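Visitor: I am new to this structure. Please show me how to read its features, step by step.

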Amino acid sequence: MKTETEEYLGMLTGGEVRLAPFELRGPLYLRRFPLYGATLFGRDVVFAFVWNDSLSPSDYLNHAAKLSGRIGRPVVFVFRSISGSRRNAFLRTSVGFVVPKNQMFIPPFIDVREWMPRVRERKEVLGNAAQVAVLREIAKGDVEGVPFRDLAARFGYSSTVITNAAADLAEHGLAEVVGGRPKSLKFKARGAELWKLAKGLLRSPVRKTLLNRRMPHGLPCAGETALSERSMLSAPPVPVFAATGEALKDPAVFEQADSKDDAKSEIQVWSYDPGVIGDDGVDGYSLYLSLKDENDPRVRGEIEDMMEKMKRPVT
């Protein structure tokens, strides 16, 4: 039921929702339900999973009030199913509840209008998962026709994120969703033609660059360091690597340096896994996107030459 709840909330909010076990130290009666925490619209919320629905609506309301008072967060109950009369009673008593894939009631701690379905606004660029999918298709041609669940496993995303990415690609005219169960993508073009269609919708994967006291092992080269391996450009004096934010939690990989003189390396924090598209290290398309706005004419010239060698002309 946890996964169903994550997917349902993700569908309603238009983003990925992760429920993490919430540890409560307190009286036993407050720990009668398994608790999971999540952040929704900038608010920390705790979800109480009800396996045996045996309390009255007023009992649920009192339990939520006591639990919320102790943890300082709003509480929402999650049920596998509820009857119509039960639902109406919860509405009358303002008990927050979710029934995955079915219904939901949000009491006053979150503005109900924020939870209502919205008309999707067309974005000027693709989301991260959509960019990964289209770049992988351009580079390898192995995304089209693959069931969404298999793409989710390959890319490390949830099924909800892949479904939203597919809608993103369809909205921008790059692909269409085909099939019933399972669903998959059919792209409007392949290879160089797909690159031309998608290029204006793609953005640099680099969220920020950090100075690092460590010389990390196992991270792929990025930036001008990676470009120097593919061109005649000299390698920078401080090597550049790419990683996700999760990888930087390892103190053996990253320790913030105070200045460039104190740094043994630079870490680009990427919005997606740097190795998810290429076979060995950062792929050429993401590398191009990370460097295309550089002012150095040498870098510009070398990335254009790199793309020419990849048979994907930059126009």
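Guide: Start with confidence. pLDDT is the predictor's confidence in each residue, from 0 to 100. You need it here, as this is a predicted model.

Visitor: What is the mean pLDDT of the protein?

Guide: The mean is 87. Of the residues, 93% reach 70 or more.

Visitor: Where does pLDDT stay under 50?

Guide: Look at residues 110-121, where pLDDT stays under 50. For this stretch the model has 15 contacts beyond four places in sequence.

Visitor: Now the sheets. How do strands of a sheet pair?

Guide: They pair through backbone hydrogen bonds, either parallel or antiparallel. Here, six strands form an open sheet with mixed pairing. The order is β1-β2-β3-β4-β5-β6.

Visitor: Which strands stand at the edges?

Guide: β1 (20-21) and β6 (103-105) do. Each has a single partner strand, so one side of each is left without a neighbour in the sheet.

Visitor: What packs on the sheet?

Guide: The helix α1 does. It touches β2 (35-40), β3, β4, β5 (97-99) and β6. The direction of α1 makes about 75 degrees with that of β6.

Visitor: What is the strand order in the open sheet of three strands?

Guide: That order is β9-β11-β10, and the pairing is mixed. β9 (206-212) and β10 (240-243) are the edge strands, each pairing on one side only. From one strand to the next, the twist averages 25 degrees.

Visitor: In which sense do β10 and β11 pair?

Guide: In the parallel sense, over four bridges. β11 covers residues 265-270. Phe-241 stands opposite Ile-267 in β11.

Visitor: And the side chains of a strand?

Guide: In a regular strand they alternate between the two faces of the sheet. Keep that in mind as you trace each strand.

Visitor: Which residue other than glycine has a positive phi near 60 degrees?

Guide: Ser-94 has that value. Find it in the loop between α3 (84-93) and β5.

Visitor: Last, pockets. What shows where empty space is left?

Guide: Rolling a probe the size of a water molecule over the atoms shows it. In this model, the second largest pocket holds about 630 Å³ of space.

Visitor: How many residues line the second largest pocket?

Guide: The lining has 19 residues. Glu-7, Phe-148, Ser-159, Thr-160 and Thr-163 lie nearest the centre. The elements that give two or more residues are α1 (2-13), α5 (148-155) and α6 (159-171). α6 gives the most, with six residues.

Visitor: What classes make up that lining?

Guide: Eight residues are nonpolar, five are polar and six are charged.

Conventions: Residues numbered from 1 in each chain as written. Predicted model: local features only at pLDDT ≥ 70, side-chain atom pairs only at ≥ 80, totals over all residues. Heavy atoms only, no water. Contact = heavy atoms within 4.5 Å. 1 Å grid on protein atoms, 1.4 Å probe; cavity = no way out; pocket = protein on both sides within 12 Å on 5 of 7 lines; lining within 4 Å. Points joined across faces, edges and corners; volume = space filled by probe spheres on them. Nonpolar A, V, L, I, M, F, W, Y, C, P; charged D, E, K, R; others polar. Pairing = 2+ DSSP bridges. Axes fitted to C-alpha atoms, helices over the stretch in contact; angles between N-to-C directions.
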